[in-house]
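Hi there,

Here is the structure I promised to pass on. Have a look at it first, and then read on for my notes.

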Amino acid sequence: MSGRRVDWTIVAILAIALVVTLSASFIPNWIRFLGQLAASTALASVGVMILLRAGLLSFGQSLFYFIGGYLVALLGKYGGTTDAFVVVVAAAAGAGLVAVALGFLLATYRGIFFSMLTLAVSMVMFGIATKVRLFGGSDGLNIGLMSYVGYRPRGVDAQWTGFVFCVWIWTAFGIATHVFLRSRFGRFLGAVADNEIRVEYLGFSVHRVIWVAYAIAGVLAGAGGALAGLTARHVDPQFAYWTTAGDFIFVVLLSGQASVLSPAFGAFLLEMLRSYASAWFPDQWQSVFGAMMLAIVLFLPAGLDHLIVLSGLALRKRVTPRPISLVQGSSS
Amino acid sequence: MTTLSAIIVDAASFAAWLFLVAVGLTLVFGVLRLLNIAHGAFYSVGAYAGVFAIGASASLGWGIALQLVAAIVAASLMGALIGLLIERSVLKRLYGYPEALVLIATYALFLILDDLTRMVSAGQSLYASQPRDGMGQITIGGLQYPVYDVALIGISLLVALAVWYTLERTRIGRCVTAVVFDSEISAAMGIHVGRIKTGTFIVGAVLGCLAGALTAPKIAVSPGLGVEVIVIAFAVVVVGGLGSIAGALLGAVIIGLARSLTAHLAPELEIFAVYLVMAGVLAFRPYGLLAPAEARRI
């Protein structure tokens, strides 16, 4: 893509953020709350998407979600820090550091090994979190009200500010990730999924590509976890549980991997589905969730955004390129 | 001395459980080349089938032996039914799909089955300790152990023997081995590969359910017990080598020993023991101890 052309993804992200911010006062409370949750889920899901583009399915992004959320809680409780910007940056950085350390080891593994090892790490964290008193055991920790560079909103204002804050954090991380994916280094992700040996022969380290991707995914999940903590104002060990990681996978599966925007829609859809499902059939959410997942895998493995891509192409009557999806680079 | 004997007995009994849990997983991986996350759910389905069978037969006034037989039959039937349904309706369509998608599909199946057990039990913990209580205690090295736990070691060895015999000494077993080795060539040689895959998956599901049913008298059967099982079974299978039955046995023994050693000597390390062993083995032999290294295909 040449430098002069307008990048429509960035324009779209900014437009969404602006429109949502301007209309925030008119959006009902519960949708704002869902939006905040969706923003946090979306950030973590983008991390899953990045790894999937390299052909790796992480079942352990919940680990970084947990780290992000708990860093916010612990900073508030023991550090006395309540500035939202500071805690979110700290959470993303903390999760990123852990991801750098873990990623060095995990980047050696592929396929089911990668998936199951990431799962194992997050389940160990879950086990620790339920037992350690510092983390409040299985009850978790509460998070106080946040301040925003000195501004301390209360009541209705706090809700509004929190919503706008989440939206713009999502915007910032989303644009940064998009720029990364568009860069030369970002393009290597797909190359790694396609053919690792070819990448090595071109003189690039596959290990480093995956390591960096894992670290970035960790940062994004950490930021997401921090937003989730700020939104719910409570964190518990469930953050590290594998169903949380399953949610992120579902989002990416549902929305597809065409762009950074896809998981945002997927995440919002997921939160809507979840809140309606808990009203209609409170006890069967997990089976409904599983059944939807299964249906997508069986009938639309490229995700919903592939429908948009396909219809766009049909309008322009072009040859269908290979969809960006799990289906690419199928098992050798 | 008592610590030593306790370590050995605990290791053996934990290893027996690990093998029961892992053998179905590794068998299915060997033949179908997919990691079945739903195996953890088979375990919990089996545990519930066992609890209900034992409860029902106990209320009919049957003896301990009959209660156990009822549990085993119920779990096997459930396993066969679920295995058949899942393989025919879902997995069959996914052969040749990328690993990640198949993994997601089995995860979805896990969620559905796990939710079903939750609905059946209404979220309550259930107990079926009659057979274990009824069989009394045995003294080994100055410490008392439930006879049931010790008997499970024997049962686990029996299962290992049965699987080994079937694979090595029967015609069907040789067909399965051929499919593991190269499914295309075996199809060319006239082996019905699809049927072998279905059969293997059913056997794997039955083994998973059996593991649950046999464990049910030892534990409080509650929803969500399948997650831990799949993670730990994967660790066992990976240590021994994916797809290798002997590897599953070896992995179970090593991890059982590691867990029992840490439990007695360094309790704070116990939850890490399994993963430390797995990480250690993977660092030196990424394909596991007993799996032959494969040449990477370009």
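Chain A has an average pLDDT of 88, and 94% of the residues score at least 70. Please keep in mind that this is a predicted model. Among the elements of chain A, H9(A) has the highest mean pLDDT, at 96, while helix H13 (residues 304-316) has the lowest, at 73. The stretch to treat with care is residues 327-332 of chain A, where the pLDDT is below 50. Beyond near neighbours in sequence, that stretch has 13 contacts in the model.

Now to H9(A) and its packing. This helix covers residues 206-232 of chain A, and it packs with helix H3 (residues 61-79) of chain A at an angle of about 50°, the two axes being 6 Å apart. H3(A) and H9(A) are therefore oblique to each other. The crossing in which H3(A) passes H9(A) is right-handed. By class, the contact of H3(A) with H9(A) has 13 nonpolar, 8 polar and no charged residues. If you want to find the place on screen, H3(A) contributes residues including Phe64(A), Gly68(A), Gly69(A) and Val72(A). From H9(A), the residues that meet H3(A) include Gly218(A), Ala221(A), Gly222(A), Gly225(A) and Leu230(A).

Next, the contact between the two chains. Chain B gives 29 residues to this contact and chain A gives 33. On the side of chain B that touches chain A, at least two residues each come from helix H3 (64-94), helix H4 (99-121), helix H10 (226-240) and helix H12 (270-284) of chain B. Which of these supplies the largest share? That is H4(B), with 15 residues. By class, this side of chain B has 24 nonpolar, no polar and 5 charged residues.

Is Ile255(B) buried or exposed? Ile255(B) has 28 C-beta neighbours inside 10 Å, so this residue counts as buried. Leaving aside residues up to four places away in sequence, Ile255(B) touches Leu18(B), Ala235(B), Val236(B), Val239(B), Val274(B) and Val277(B).

Methods
Residues numbered from 1 in each chain as written. Chains lettered and ligands numbered in written order. Predicted model: local features only at pLDDT ≥ 70, side-chain atom pairs only at ≥ 80, totals over all residues. Axes fitted to C-alpha atoms, helices over the stretch in contact; angles between N-to-C directions. Helix = DSSP H or I, 4+ residues; strand = E, 2+ residues; numbered from the N terminus. Parallel < 35°, antiparallel > 145°, perpendicular 65-115°, else oblique. Left-handed = near helix turned anticlockwise from the far one by under 90°. Contact = placed C-beta atoms within 7 Å. Nonpolar A, V, L, I, M, F, W, Y, C, P; charged D, E, K, R; others polar. pLDDT = per-residue confidence, 0-100. Buried ≥ 20, exposed ≤ 12 C-beta atoms within 10 Å, placed from the backbone.
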